[in-house]
Amino acid sequence: MEQLKNFIGGEFVAPNEGKYLDKISPMTAQKIYELPDSSEVDVVLAIKAAQGAFSEWSEKKAVERSQILNRVADLIDQHREALARAESEDVGKPLDLSRTLDIPRAALNFRFFASAILHKHEMASDMDGEAINYVLRQPVGVAGLISPWNLPLYLLTWKIAPALACGNTVVCKPSEWTSKTAFMLGSLLNEAGVPKGVVNMVFGKGDPAGAYLVKHPGVPLISFTGGTATGEKIQTLAAPYVKKLSLELGGKNATIVMKDADLAKVIPQIARASFLNQGEICLCGSKILVQEDIYKEFTEQFVKHVESLVVGDPMDSKTFMGPIVSKTQYDKVLSLLEVAKKDGGKVLTGGVRPELPAAFKDGYFLRPTVIGDLTNCSEIHQTEIFGPVVTLNSFKYAHEAVKWANNSPYGLSASVWTKNLNQAHKIAADLRVGTVWVNTWLKRDLRMPFGGAKASGLGREGGEHSLDFFTETKTVCIQL
Ligand code: NDP
């Protein structure tokens with residue numbers, strides 16, 4: 001049985017206490033490898049390695065760091081197939097999705113920030129000849145990077161690339177459910193010439209491994225992506241040290257469909273926004289609000305489309321949805337489904353396991369599920385399900401849809417589907433979320449800010465925002 005190791009100081013090392021966790025396949029419910037159950041000692045060793053590598057890395061010229069990051073991107077591209085297979089085996093996501101979205105995006109993250117760092121310039125001001133001011137932007141030190149299981153390499157590299165581009169060194173704690181591609185990245189970083197200790201990976205549980213990283217005084221910056229409840233804990237743990245924090249948290253995102261939407265065109269896109277990656281994307285639209293004039297027609301066509309989606313073996317190119325990532329997540333989704341039914345929700349399609357070959361009989365599969373008739377006051381409208389379950393409700397006027405979309409503790413994203421761009425603009429302005437898509441979904445320009453309002457997060461990353469977050473800004477004032 002394969003045993004992953006921590007990646008510390010450029011070496012693969014066994015966890016100090018010799019303890020390992022089981023990785024269970026979402027397809028078969030069988031153990032497929034073991035990963036370190038890291039302790040405080042492992043985290044401290046990784047932080048020491050990162051501290052030791054800081055001077056060499058931060059003193060490199062931006063162009064040298066940029067060249068190394070571009071080499072990492074090239075190596076990710078060269079190993080795309082192996083990385084994509086590992087990602088799909090870990091998460092249960094279709095191989096085609098890993099090949100076309102997750103792994104190319106991981107390479108792009110490195111390429112984007114390798115370029116961005118060369119184009120960064122700072123402001124200066126002249127105080128009428130009396131003094132001049134200019135800004136110095138410097139790396140913060142050792143960055144703690146904690147990532148979730150749904151887009152493992154995609155989201156981890158979204159943090160590693162800007163942190164390194166800015167001259168920081170890092171200690172990463174990927175999700176215990178999906179450690180494989182982060183482990184594989186270690187060898188690629190060595191091959192690309194990233195100096196030893198610049199990137200360190202400690203595998204294991206959120207608590208203790210992740211929590212030690214957050215609490216350690218030698219880590220002045222934490223970038224976290226994960227659930228809102230964990231984000232709250234991280235804020236509390238980091239508060240005594242006044243650390244720089246970026247929190248990308250959960251979402252309960254509305255999909256608003258206006259009566260003029262071209263249904264034949266938008267339904268496949270709305271189904272994708274609902275169920276891509278098994279509905280396990282923080283940006284998936286799980287609360288679909290349809291203008292009442294087209295509600296009946298939309299429901300019929302949407303349900304028919306959803307029933308045509310293939311659920312099964314992630315390695316099969318026909319598969320649109322694989323299994324849910326773990327038993328814990330599967331049970332959570334099923335229990336929320338029961339709450340929806342109890343609250344009067346009607347299962348219009350899904351809610352059951354698909355018929356699959358014997359090899360997958362114990363896997364965590366669920367048909368994409370659409371629930372109608374759920375009352376306004378059901379907690380399901382407020383809760384992030386993070387699985388293949390969406391609700392359908394109707395509204396009369398645009399302002400009602402906005403009110404309903406905003407009636408949530410979360411504020412990550414929303415999508416609006418209409419031919420009337422004036423109306424779309426008005427709705428977008430009124431939604432209290434970090435990102436609004438109009439007639440599209442999940443289109444990301446890496447130059448644009450990304451993050452959540454309300455309980456969906458703290459701060460923004462992306463483009464300039466990432467470079468700001470991963471640096472300390474210093475103003476120098478010179479009397480003339
Ligand atoms: P979790 O919050 O459970 O875990 C995220 C990471 O934090 C994991 O590495 C986890 O480790 C670690 N962790 C858990 N507890 C602690 C702790 N006390 N201290 C430090 N680290 C800890 O989220 P999930 O992995 O379940 O991911 C799903 C969530 O992520 C959803 O809510 C989703 O919306 C959100 N998300 C948000 C995104 C955004 O950009 N806003 C993007 C993608 C996902 P371990 O796995 O071992 O528990």
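Domain 1 and domain 2 bury about 2300 Å² between them, with 61% of that area on carbon and sulfur atoms. Buried area here is the accessible area (1.4 Å probe) that two parts lose on being put together, summed over both. On the side of domain 1, Met 27, Trp 149 and Ser 456 supply 24% of the area buried against domain 2, more than any other three residues.

The model is predicted: local features need pLDDT of at least 70, side-chain atom pairs count only at pLDDT 80 or more, and totals for chains, interfaces and linings use all residues. Residues are numbered from 1 along each chain as its sequence is written, and side-chain values use heavy atoms, with hydrogens and water left out.

**The two domains**

Domain 1 covers 2-249 + 456-479, and domain 2 covers 254-445; these bounds come from an automatic or database domain assignment. The domain centres, taken over C-alpha atoms, are 30 Å apart. In the interface, 28 residues of domain 1 are in contact with 31 residues of domain 2, contact meaning heavy atoms within 4.5 Å.

Eight residue pairs across this interface are in polar contact, both residues at pLDDT 80 or more. A polar contact is a pair of N or O atoms within 3.5 Å; within protein, one must be able to donate a hydrogen and the other to accept it, and residues adjacent in sequence count only if both atoms are side-chain atoms. Helix H3 (80-91) and helix H4 (95-119) each supply at least two residues of the domain 1 side. H3 gives the most, with five residues. (Helices, H or I of at least four residues, and strands, E of at least two, are DSSP runs numbered from the N terminus.)

Between the two domains the count of salt bridges is zero, whereas the structure holds 24 salt bridges. The term stands for a side-chain nitrogen of Lys or Arg within 4 Å of a carboxyl oxygen of Asp or Glu. Lys 23 lies in strand E3 (residues 20-24) and Asp 90 in helix H3, so the pair ties together parts that are 67 residues apart in sequence.

**The ligand**

There are 30 residues around the ligand, and Trp 149, Glu 176, Thr 230, Leu 249 and Glu 384 come nearest. A residue is counted as near if one of its heavy atoms lies within 4 Å.

| Residue | Protein atom | Distance to a ligand oxygen atom |
|---|---|---|
| Ser 147 | polar backbone atom | 2.8 Å |
| Gly 226 | backbone N or O atom | 3.4 Å |
| Glu 384 | side-chain N or O atom | 2.5 Å |

**Backbone details**

The peptide bond from Asp 207 to Pro 208 is cis, with omega near 25 degrees, and Pro 208 is found in helix H7 (residues 206-215). Gln 278, a residue other than glycine, has a positive phi near 65 degrees. Gln 278 sits in the loop between helix H9 (263-275) and strand E13 (285-291).
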